[in-house]
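Subject: The structure we talked about

Hi,

Here is the structure I promised to pass on.

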Amino acid sequence: MNASQLAHHLHKSVFAITFAGNTILPAGTYQAPYSHTIHSIHYIVRGSGFYKMNEVQYTLEPGAVMLFVPETTFEWAISEQEDVEIYHIRFDYRLCYQEKQDWIVHAPDSWLAPLRGMLPTLRAAEVRRGFDRVFQLWHAYDPLSQYRCQLAFRELWLSLIDQMHDQQYSSDADSAIQYTCRYIADHIQAPLMVEQLAKLAGLSEGYYSRQFKALTGFSPKDYIIRLRVAKAKELLAGAGQTLAQTSKLVGYEDEFYFSRVFKRITGMTPSAYAKLSQKL
């Protein structure tokens, strides 16, 4: 089930919160395995330790979000150094939607897969605010606050789905950018334009440039220049190539422009670099 399918599932879902609490798990304590029979979601406020769900172990740290579904075998252990503080929300839900003139209501059959275990939280402060709001509204008790609590929980749920989608998109974007890095290296003497590279990655030019710098530390243009200069240094150190030939082999038709670029990056002219390299 991808993020779009999860959003469609959310659209058909009606949630009912049965409890929202804030609990301290004391340092050094251990809970032996037992069967977890309800839906619940935990947010780790502070502390460390581990949760084990169906024999899969997850390390606890502040900002982590854990989702439990029914029929989960669960155990936990808290580190000796400090308590673990958690928000925990128990809930039930049904699928409720209209098809033509009929209302359809039934229990879900997917158990929220793959939303279980540790969920991605790219924006931890946003998630923390969501848990805070649900907790505060739940404990207000009046009917209007209870209604707002249900809405706040849906907002929290949607935020988690969005973050899962963002993580997947970011991962896909990183893979696409790494592909263009290999493309640049393989086509170093060809004209290379950022617009062309962004199209190869399947991303907008602006987003591609931002993600490229986040991943490599350089803008696409700077990355290309530095890769060309690195290749030029190899050629100059090997001798046998004229300046004009070296310039063309690394993508510069104008050898004088190439010389200016080379000196800006290395601090010396290509000729001076070649002489120095051949003496070593």
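Below is what I found in it, grouped by region.

One thing before the details: this is a predicted model, so please read everything here as computed from that model.

**The sheet**

Let's start with the strands. Four of them make an open sheet, and going across it the order is β2-β7-β4-β5, with antiparallel pairing. The edges are taken by β2 (30–36) and β5 (56–60); each has a single partner strand, so one side of each has no neighbour in the sheet. On average, neighbouring strands in this sheet are turned by 20° against each other, if you ignore direction.

Met-53, for instance, has Val-56 in β5 as its bridge partner.

**A hairpin elsewhere**

Strands β8 (residues 84–99) and β9 (residues 102–106) also run antiparallel, and 5 bridges join them. Gln-98 is bridged to Trp-103 in β9. The hairpin has 2 residues between its strands, and Lys-100 takes a positive phi there, near 55°.

Glu-85 is also part of β8. Is Glu-85 buried or exposed? Its relative accessibility is 16%, and the cut-off for buried is under 20%, so Glu-85 counts as buried. Glu-85 and Ile-224 are 139 residues apart along the chain, and their C-alpha atoms are separated by 48 Å. Val-45 and Val-84 are 39 residues apart in sequence, with 7.4 Å from C-alpha to C-alpha. Val-45 sits in strand β3 and is buried, at 15% relative accessible area.

**Aromatic rings**

How many aromatic pairs are there? The count comes to 20. One of them is Tyr-43 with Phe-131, a tilted pair with 5.3 Å between the ring centres and 35° between the planes. Tyr-43 belongs to strand β3 (residues 39–46) and Phe-131 to helix α2 (residues 124–138), so this pair ties together parts that are 88 residues apart in sequence. Both partners are tucked away: Tyr-43 is buried at 5% relative accessible area, and Phe-131 is buried at 1%.

Phe-68 and Phe-74 make an edge-to-face pair, because their planes stand at 75°, with the ring centres 4.7 Å apart. Phe-68 is buried, with a relative accessible area of 0%, and Phe-74 counts as buried at 2%. There is also a cluster, in which ring pairs link Phe-15, Phe-91, Tyr-93, Phe-153 and Trp-157.

α2 has 15 residues, and its first and last C-alpha atoms are 21 Å apart, close to the 21 Å expected at 1.5 Å a residue. Along with Phe-131, the buried residues of α2 include Val-127, Gly-130, Asp-132 and Trp-138.

In helix α3 (residues 143–186) you will find Thr-180, which is buried with a relative accessible area of 0%. What joins the side chains of Thr-180 and Tyr-208? A polar contact of 2.8 Å.

**Helix α8**

I left α8 (residues 255–266) for the end. Which residues of α8 are buried? They are Phe-258, Ser-259, Val-261 and Phe-262. These four cover an arc of only 165° around the axis, which means they lie on the same side of α8. The face turned away from that buried side carries Phe-256, Arg-260 and Arg-264, which are exposed.

Both ends of this helix are worth a click. At the start of α8, a side-chain oxygen of Asp-254 comes to within 2.9 Å of the backbone nitrogen of Phe-256. After α8 comes Gly-267, with a positive phi near 90°.

Cheers

Definitions and conventions
Residues numbered from 1 in each chain as written. Predicted model: local features only at pLDDT ≥ 70, side-chain atom pairs only at ≥ 80, totals over all residues. Heavy atoms only, no water. Buried < 20%, exposed > 50% of the residue type's maximum accessible area, 1.4 Å probe, protein only. Arc of directions from axis to C-beta. Polar contact = N/O pair within 3.5 Å; in protein donor to acceptor, adjacent residues only side chain to side chain. Pairing = 2+ DSSP bridges. Axes fitted to C-alpha atoms, helices over the stretch in contact; angles between N-to-C directions. Phe/Tyr/Trp six-rings, centres within 6.5 Å; stacked < 30°, edge-to-face > 60°. Expected span 1.5 Å × (residues − 1).
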